[in-house]
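Colleague: Please take a close look at the ligand site in this model, and describe what surrounds the ligand there.

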Amino acid sequence: MDRVILVGFMGCGKSTLGKKLANRMGIPFLDSDAEIEKGVLMSVGEIFGAFGESRFREIETEFLDTLNEEGSFVLATGGGMPCFHRNMDKLNALGTTFYLERSPKELANRLFNAKTKRPLIDGLSESDLLRFIEDKLAEREEAYKQANFVLSREEQTPAQIEEFMELLKK
Ligand code: S3P
């Protein structure tokens, strides 16, 4: 069974990389935000707006707890998932975790022009966004860095992750 779990800050590329990797490995791709939206029939923004962030964090953990039943998959986690309710421990128990490390500057550039709506950064100016990312990343890195593998920007490719997964089998 292959379970690949991608963690990292908003905008680091978990979903894009995850889809390509799942395709290459021939296993299902799961995006935690998309799965939650399907389950609740609301967008992440609507969930934050109607019930608040803390309820969203509970829903994330409830979703995570359902994954024990699944077989192989590539999972792109929401950026905050590993940082609440000891979820990073659960993710490490569930499969092989990879942290996609990116600098705050790079994340800010990617997020400033992103089309996806993200309630935590909605409406921030470019400079406020950078400051927000620097602060949040400093808070969250301790959790992200508990991943089995910390991947530099150059290592964030489907081929590289597949290679690490193969190495673990030897
Ligand atoms: C969040 C990241 C988002 C989404 C929600 C909160 C966060 O997912 O779960 O907007 O707290 O970092 P992405 O990392 O896929 O943007």
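Modeller: The shell around the ligand is made up of five nonpolar, three polar and five charged residues. This is a predicted model, and every distance and area below is computed from it. In total, 13 residues surround the ligand, and the closest are Lys 14, Asp 33, Arg 57, Arg 118 and Arg 140.

Two of these arginines can be described by their distances to the ligand. Arg 57 has a polar side-chain atom 2.6 Å from an oxygen atom of the ligand. For Arg 140, an N or O atom of the side chain lies 2.7 Å from a ligand oxygen atom. Gly 80 takes part through its backbone: a polar backbone atom of Gly 80 is 3.3 Å from an oxygen atom of the ligand. On its own the ligand has 380 Å² of accessible area, and the protein covers 95% of it. As for the site itself, the space that the ligand takes is the largest pocket.

Charged side chains also pair with each other in this model. Over the whole structure, a search finds 17 salt bridges. One of them is formed by the side chains of Asp 2 and Lys 169, with 3.2 Å from N to O. Asp 2 belongs to the segment before strand 1 (3–7), while Lys 169 is in helix 8 (residues 158–169), so this pair ties together parts that lie 167 residues apart in sequence.

Notes:
Residues are numbered from 1 along each chain as its sequence is written. This is a predicted model: local features need pLDDT of at least 70, side-chain atom pairs count only at pLDDT 80 or more; totals for chains, interfaces and linings use all residues. Side-chain values use heavy atoms; hydrogens and water are left out. A residue is near a molecule or strand if one of its heavy atoms lies within 4 Å of it. A polar contact is a pair of N or O atoms within 3.5 Å; within protein, one must be able to donate a hydrogen and the other to accept it, and residues adjacent in sequence count only if both atoms are side-chain atoms. Accessible areas come from the Shrake-Rupley method with a 1.4 Å probe; for residues, only the protein chains shown count as cover. On a 1 Å grid over the protein atoms alone, a cavity is a set of points where a 1.4 Å probe fits but cannot get out, and a pocket is an open set with protein on both sides within 12 Å along at least five of seven lines; lining residues have an atom within 4 Å of a point. A molecule sits in a cavity or pocket if more than half of its atoms lie within 2 Å of its grid points. Ala, Val, Leu, Ile, Met, Phe, Trp, Tyr, Cys and Pro count as nonpolar, Asp, Glu, Lys and Arg as charged, and the others, Gly among them, as polar. A salt bridge is a side-chain nitrogen of Lys or Arg within 4 Å of a carboxyl oxygen of Asp or Glu. Helices (H or I, at least four residues) and strands (E, at least two) are DSSP runs, numbered from the N terminus.
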